[in-house]
Amino acid sequence: MVLRQTKATLTGFTLIEVLVVLVMLAVLAGTLAFNMSGSMKAAKIRAASKDLVAALRYTRSQAVIKHQEQRLMIDVKEKSYTAPGKPKVVLPEGMELKVFAAASEVPSDDTAGFRFFSDGSSTGGRVTLIYDERFWRINVAWLTGEIRLFKDTEV
């Protein structure tokens with residue numbers, strides 16, 4: 001009887017293979033985190049824009065329902081706005097605000113407003129919200145009081 005001795009083969013990963021996989025996972029995680037931060041910025045400005053549009057539409061509907069003028073005021077310096085009967089809303093930190101409104105609705109350099117009348121019309125104007133390189137424009141039509149939100153490609 002002859003006994004054969006065989007070498008036991010060890011299976012597993014070398015240290016180099018493990019390190020390569022860890023580096024690949026780190027690169028993937030970094031790329032994913034970078035893309036998520038861009039999405040968060042876009043979500044912030046989109047949410048702030050939609051909230052301002054909702055406040056403008058609320059103000060217009062209150063003017064029509066109550067049959068009296070209603071006004072939404074924007075404080076450019078504090079980067080906030082106030083709708084009638086609602087608390088002041090402050091925009092997210094780092095967001096820039098530009099307002100183009102009728103001269104009669106700009107009482108000072110820091111404040112501007114949009115007045116809505118009982119027939120739904122308004123004084124009209126435009127608000128631009130800027131966050132980093134992303135921005136949205138809100139147009140308020142003077143004749144109809146229609147409020148529309150646009151994603152812009154140029155400031």
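**Note on the predicted model**

1. Read along the sequence, the chain runs α-β-β-β-β-β-β-β-β. That comes to one helix and eight strands. The model is predicted.

2. Overall dimensions come next. The C-alpha trace spans about 110 × 30 × 30 Å along its principal axes. The radius of gyration is 28 Å, whereas a compact globule of 155 residues would have one near 15 Å. Buried residues make up 30% of the 155. The accessible surface is about 10,800 Å², and carbon and sulfur atoms account for 59% of that.

3. Seven bridges link S6 and S7. Ile130 stands opposite Phe135 in S7.

4. The largest nonpolar core has 23 residues; Leu52, Leu56, Leu72, Val127, Leu129 and Ile138 touch the most other members. Helix H1 (15-66) and strands S1 (70-75), S5 (111-116), S6 (125-131) and S7 (134-140) each supply at least two residues. H1 gives the most, with seven. In soluble globular proteins, nonpolar side chains tend to be buried together.

5. Leu129 deserves a look. Beyond its neighbours within four places in sequence, Leu129 is in contact with residues including Ile45, Ala48, Ser49, Leu52, Leu91 and Met95. Also among its contacts are Glu96, Leu97, Arg134, Phe135, Trp136 and Ile138.

Notes. Residues numbered from 1 in each chain as written. Predicted model: local features only at pLDDT ≥ 70, side-chain atom pairs only at ≥ 80, totals over all residues. Heavy atoms only, no water. Core = buried A, V, L, I, M, F, W, Y, C linked by side-chain atoms within 4.5 Å. Buried < 20%, exposed > 50% of the residue type's maximum accessible area, 1.4 Å probe, protein only. Helix = DSSP H or I, 4+ residues; strand = E, 2+ residues; numbered from the N terminus. Contact = heavy atoms within 4.5 Å. Pairing = 2+ DSSP bridges. Rg over C-alpha atoms; globule rule 2.2 N^0.38 Å. Areas by Shrake-Rupley, 256 points an atom, 1.4 Å probe, with all protein chains shown as cover.
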